[in-house]
Amino acid sequence: MKHGKKYTDAMKQYDRQNLYDPKEALETVLKTATAKFDETVEVHVRLGVDSRHADQQVRGAVVLPNGTGRSVRVAVFAKGPDATAAEEAGAEVVGAEDLVAKIQGEGFMDFDVCIAAPNMMGLVGRLGKVLGPRGLMPSPKAGTVTPDIAKAVAEAKAGKIEYRLDKTNIIHCPIGKVSFGAEKLMENYQTLLDAIIKAKPAAAKGQYIRSCVVAATMGPGVRMNPSKVVASGVEAE
């Protein structure tokens, strides 16, 4: 794959073969981020599990202490008091049968997070083929199917992110913007890694954190040393 001049110049500013500790890696990413917009910083974590097995799934959600730096539009499936709570908490889209019809009939997808009251899941299930592939299907594990609608909306607005394995056993998550600076990004990174480490399946054998790469939207990835990948004092292995 051919890269542009800025990307190529960025790669020359650090040793691509080196394994950096998290703080050095984040500082390197900030140094090599040269886009004219505020780039998102993402972490990519390869785990020593097999996502094909149900007992080795890794999935959950965590509220980043410094948020993600992006405005989040929230859609809520609810009726009655739950719908009122959602609106008061700041949800942009609230509905039930009418919202399902709008998504199915008009292809409406103008939201980033989808939350549902438990009594709405029979209705929301009709949208599995639409919401599922986009990672928007409400889930109890992610805290997006909950009786406490107001709390779920507030957390989504505050920077709650979901982490889950893809088919190659890698978790991809944003941890903020370049403008955050290394300290805030490090706090978000530690919070995410702590959650991933605590979610280690009992069936996982051997080294759990196989590799970890951090990168800005338009920049090259910087590899971290797995033995140095720690969060809140919890060892990665």
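I started at phenylalanine 111 in this predicted model: its relative accessible area is 6%, so I put it down as buried, the cut-off being under 20%.

I then checked phenylalanine 108, which has 17% relative accessibility and therefore also counts as buried.

I looked at how the two rings sit. The centres of phenylalanine 108 and phenylalanine 111 are 5.9 Å apart and their planes meet at 45°, so I noted the pair as tilted. My count of aromatic pairs came to 1.

I looked for a charge by the ring of phenylalanine 108. Lysine 102 lies over its face, 4.3 Å from the ring centre.

Next I went to the nonpolar cores. The largest has 37 residues, and I listed Leu47, Tyr163, Leu192 and Val214 as the ones with the most contacts inside it. Elements giving two or more residues to this core include α2 (22-32), β1 (40-47), β7 (170-177) and β8 (209-216). I found that α8 gives the most, with 8 residues.

I noted a second, separate core of 31 residues; among them are Val72, Ala86, Cys114 and Ile115.

Last, I checked α8 itself. At 1.5 Å a residue, its 17 residues should span 24 Å, and the end C-alpha atoms are 24 Å apart, which agrees. Its buried residues include Leu185, Met186, Tyr189, Leu192 and Ile196.

Note on methods
Residues numbered from 1 in each chain as written. Predicted model: local features only at pLDDT ≥ 70, side-chain atom pairs only at ≥ 80, totals over all residues. Heavy atoms only, no water. Core = buried A, V, L, I, M, F, W, Y, C linked by side-chain atoms within 4.5 Å. Buried < 20%, exposed > 50% of the residue type's maximum accessible area, 1.4 Å probe, protein only. Helix = DSSP H or I, 4+ residues; strand = E, 2+ residues; numbered from the N terminus. Expected span 1.5 Å × (residues − 1). Phe/Tyr/Trp six-rings, centres within 6.5 Å; stacked < 30°, edge-to-face > 60°. Lys NZ or Arg CZ within 6 Å of the ring centre and 35° of its normal.
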